[in-house]
Amino acid sequence: MTVRPLHDRILVQRIDEGEQKVGGIIIPDSAKEKPQQGKVIAAGNGKFKDDGKRVPLDVKPGDTILFGKYAGQEIKLDCEEYFITKEDDVLAVIEGHAKKKLTAITGKTKKK
């Protein structure tokens, strides 16, 4: 199934950050926070300004993004979980994410 978000909305798949441990204790899935990083799967064409011109989006499919904790609407397509959000909810595009892992809460980076 192909999904094309409308206007300034984007379809995002969350990126799991791995298993979280606190003091050597494994946190169960029900207590884990949802990741705040994701990969843009599809993007709309942009929103319209008052004069009728379309403003293109800054993000594109394939970008890895950082988004707000309560951003978007959860959906399920073909047994996969995604969410749709507006581009305004995107906090940053992560570049060079293969070398470093960005931690949104502390603002620090960790080497893989």
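**Notebook: the strands around β7**

The model is predicted, so I note its limits here: local features need pLDDT of at least 70, side-chain atom pairs count only at pLDDT 80 or more, and totals for chains, interfaces and linings use all residues. Residues are numbered from 1 along each chain as its sequence is written, and side-chain values use heavy atoms, with hydrogens and water left out.

**Entry 1: the whole chain**

I counted elements next. The protein chain has 0 helices and 12 strands. Both are DSSP runs numbered from the N terminus: helices are H or I with at least four residues, strands are E with at least two. I then looked up burial. Of the 112 residues of the protein chain, 29% count as buried. Buried means under 20% relative accessible area, exposed over 50%, and partly exposed in between, with a 1.4 Å probe and protein chains only.

I also checked contacts, meaning heavy atoms within 4.5 Å. Among contacts with a separation of 6 or more, residues 24 or more positions apart account for 60%.

**Entry 2: the sheet**

In what order do the 6 strands of the open sheet stand? I read β8-β9-β1-β4-β7-β10, with antiparallel pairing. Two strands pair if DSSP finds at least two bridges between them. The edge strands are β8 (73–77) and β10, and each pairs on one side only. In general, strands of a sheet pair through backbone hydrogen bonds, either parallel or antiparallel.

I went along the pairs. Strand β1 (residues 9–14) joins β4 by 5 bridges, running antiparallel. L11 stands opposite A42 in β4. Strand β4 (residues 37–43) pairs with β7 over 3 bridges, again antiparallel. On to strand β10 (residues 90–94): 4 bridges join β7 to β10, and these two run antiparallel. Here the bridge partner of F67 in β10 is V90.

**Entry 3: the faces of β7**

Which residues lie on each side of strand β7 (residues 64–67)? I found T64 and L66 on one side, I65 and F67 on the other. All four are buried, and both faces are covered.

**Entry 4: D88**

I turned to a loop. D88 sits between β9 (80–86) and β10. Is D88 buried or exposed? D88 counts as exposed, because its relative accessibility is 55%. Not counting residues up to four places away in sequence, D88 touches D8 and K47. I also checked D88 against L57: they are 31 residues apart in sequence and 9.8 Å apart in space, C-alpha to C-alpha.
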